[in-house]
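Here is a short briefing on charged side chains and their pairing. The sequence and model come next.

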Amino acid sequence: MDGTTKTEIYRDALRELDAVLAGVDDPITVMSTCAAVLHQRLAYASWTGFYRVAAPRLLRIGPYQGALGCLEIPFDRGVCGAAARQNATQIVADVHAFPGHIACDAAARSEIVVPIHNPQGELLAVLDIDSHQPAAFDERDRAGLERVAEKLRACLNGNGEVFYREPVPGA
Ligand code: SME
């Protein structure tokens with residue numbers, strides 16, 4: 001990186017999202033804006049975007065930045081499916097060592113996937129970021145992206161018809 005720390009990157013990204021998403025509740029607008037802000041700021045990201053819960057236990061691609069992503073991911077496949085199924089952030093240092101990893105981009109080496117919820121705690125989507133660098137993501141990315149997810153939660157209250165609302169046990 002150019003000397004800017006990850007902590008600073010996420011601080012600035014969160015400030016930018018605060019400014020541009022104030023009062024915005026259209027989910028396509030929210031997700032595409034978030035993908036653009038993060039992809040631009042994270043120099044180590046090769047792909048940044050959302051998979052939406054589109055049907056029971058099925059993720060379908062949403063707004064993203066980067067090369068063509070696969071269109072659908074069942075909950076029982078891939079890193080994205082694991083994040084949705086477990087309702088928990090996944091950090092994968094070496095995607096080749098992750099059983100069931102879906103290689104949309106042969107050059108991808110590491111990945112982080114963060115669940116996205118609405119204010120009721122229902123799972124709406126996952127935020128997926130890939131990198132061509134091995135072990136690009138760490139606890140600072142988790143902390144930063146989980147704060148981004150928290151911010152999106154407040155914005156993703158309206159226009160529910162673009163999402164299937166997957167109930168989360170215990171939520
Ligand atoms: N690698 C992901 C699939 C999505 S792409 O990386 C854009 C996975 O294993 O879930």
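Predicted model: local features only at pLDDT ≥ 70, side-chain atom pairs only at ≥ 80, totals over all residues.

Residues are numbered from 1 along each chain as its sequence is written, and side-chain values use heavy atoms, with hydrogens and water left out.

**Salt bridges**
- The count is 10 salt bridges (a side-chain nitrogen of Lys or Arg within 4 Å of a carboxyl oxygen of Asp or Glu).
- D141 and K6 form one, at 2.4 Å from N to O.
- That pair links distant parts of the chain, 135 residues apart: D141 lies in helix α4 (residues 139-155) and K6 in helix α1. Helices are DSSP runs of H or I, at least four residues, numbered from the N terminus.
- Both D141 and K6 are buried (under 20% relative accessible area; exposed is over 50%, partly exposed in between, with a 1.4 Å probe and protein chains only).
- R140 pairs with D138, their closest N and O atoms 2.6 Å apart.
- R140 is partly exposed because its relative accessibility is 41%. D138, at 24%, is also partly exposed.
- K6, D138, R140 and D141 are linked in a network of salt bridges.

**Within helix α4**
- R142 forms a salt bridge with E139, with 2.7 Å between the closest N and O atoms.
- The two are 3 residues apart in helix α4, so about one helical turn separates R142 and E139.
- R142 has 25% relative accessibility and counts as partly exposed.

**D12**
- D12 sits in helix α1 (residues 6-20).
- D12 is partly exposed, at 23% relative accessibility.
- D12 and R41 are 29 residues apart in sequence, and their C-alpha atoms are 8.7 Å apart in space.
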